[in-house]
Amino acid sequence: MKLTKLTLGAALLSGVASGALAADDELHFIMCGGEVRAADQAVVDQFEADHPGVSVNLEAVPWGTCQDKSLTLAAAGDPPSIAYMGSRTLRQLANNDLIVPAQIDKEAPYQPGVLNTVTIEGTAWGYPHAFSTKGLYINCDIVEASGQECVAPKTWDEMYTLAKGVVDNTDSAGVGLAGKDFDNTMHQFLNYLYSNGGSVIDSASGKNMLDSQQTRETLEFYGKLVDVAQDGPTAWERDQLRDLFNDGQIAMYVSGPWGYGQHNEDINQIVAPVPAGPSGESGSILITDSIVVFKGSGHEDLAQELAQRITSGDSQYDLDSSWGLTPILDYSKLGKDDLYYADGIWPTFTASISTGGPEPLVEDFKSLQSVFTNMVQGIILQDDTVDNLVTIAAEELDDAL
């Protein structure tokens, strides 16, 4: 949804005027996801108790429509006070003067790199509220059936060798590749790019960093993996790879921590960091959703306080632990001694935080998605050379910024 600044300017002027005339102190809170969590409701209840005369209209809206609803209301001059939405929307919202900068607590112990997912040229525009990293899932039964020891590959070369052994000695594919025209095709590629020391957009300067040796090495490796992947990667997206993994048709694929519990119980699986490329170390894409404070509601200060409360302390910990998300804060620094992420698979998903990179923030996310889809599909289908595909993708990214 592309909004013109001219239209937005007129809408915001009328919105400020109508907000100034409003007699009530009701904060409209749009919660993407279609449900109100008990922990969030508890924060809202306490917030209302601490502010007599203030009420919060907490509206849960399904993901498919909530972000467009927030944008439409803001463009019409009737913005919500606060909303929970994907951080990928932040540049569009900020560029169109629809939101105000977040007042991030400088002492909050965010995990390394988390704030880069909400920061545009040095300014944070949202409060990170849900966070994920990725790892490599391996079906050890398939690997061992191929005559190989099920040891997590640490490098791309080791990963390819493991996958090639599976292809040569079993009926399964070595690795699952996502190449469908869908957002997680970009996400899957970025897991490898960030594991090769690459970058897309510099969060401090906004500079396009895609045209690099690291990107070329990553795209070349992605093309090499086609030889040991399932048939027709351009027809598959990440969640469908999970089904192939469960059916024993692929030996490896990349997904988030939720994948472990979505796999069949009879699979002998391990999860490992995404292998490192020749120019980097193991990393991951860092993706967040965030709380944003809209401009023009007349309740910006109250909304900032509510956003700070709902994204800190016990409230944030409840979200992370109950949803099985990568911890957004280092809770050991907040006195927590029951850290859910201290053992099991979690060290894999926390280890790559410091070396990961953010989902790129652009105004037109669909254009960004197309940049990566075109590049990835180009190498999968062998439509062009690595060098040309990266050069074209970088030029297209300039247009999307």
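Q: How many helices and strands does the chain have?
A: Helices (H or I, at least four residues) and strands (E, at least two) are DSSP runs, numbered from the N terminus. The chain has 15 helices and 11 strands. This is a predicted model, in which local features need pLDDT of at least 70 and side-chain atom pairs count only at pLDDT 80 or more, while totals for chains, interfaces and linings use all residues. Residues are numbered from 1 along each chain as its sequence is written, and side-chain values use heavy atoms, with hydrogens and water left out.

Q: Among contacts in the chain between residues at least 6 apart in sequence, what percentage joins residues at least 24 apart?
A: Contact means heavy atoms within 4.5 Å. Of the contacts between residues at least 6 apart in sequence, 76% join residues at least 24 apart.

Q: Is R91 buried or exposed?
A: Buried means under 20% relative accessible area, exposed over 50%, and partly exposed in between (1.4 Å probe, protein chains only). R91 has a relative accessible area of 10%, so it is buried. Of the 401 residues of the chain, 55% count as buried. R91 is located in helix α4 (residues 90-95).

Q: Which residues does R91 contact, leaving aside its neighbours within four places in sequence?
A: R91 is in contact with I120, E121, L361, V362 and E363.

Q: Where is S332 found?
A: S332 is found in the loop between α12 (313-323) and α13 (346-351). Because its relative accessible area is 41%, S332 is partly exposed. Not counting residues up to four places away in sequence, S332 touches L339 and Y341.

Q: What joins the side chains of S332 and D330?
A: A polar contact is a pair of N or O atoms within 3.5 Å; within protein, one must be able to donate a hydrogen and the other to accept it, and residues adjacent in sequence count only if both atoms are side-chain atoms. A polar contact of 2.5 Å joins the side chains of S332 and D330.
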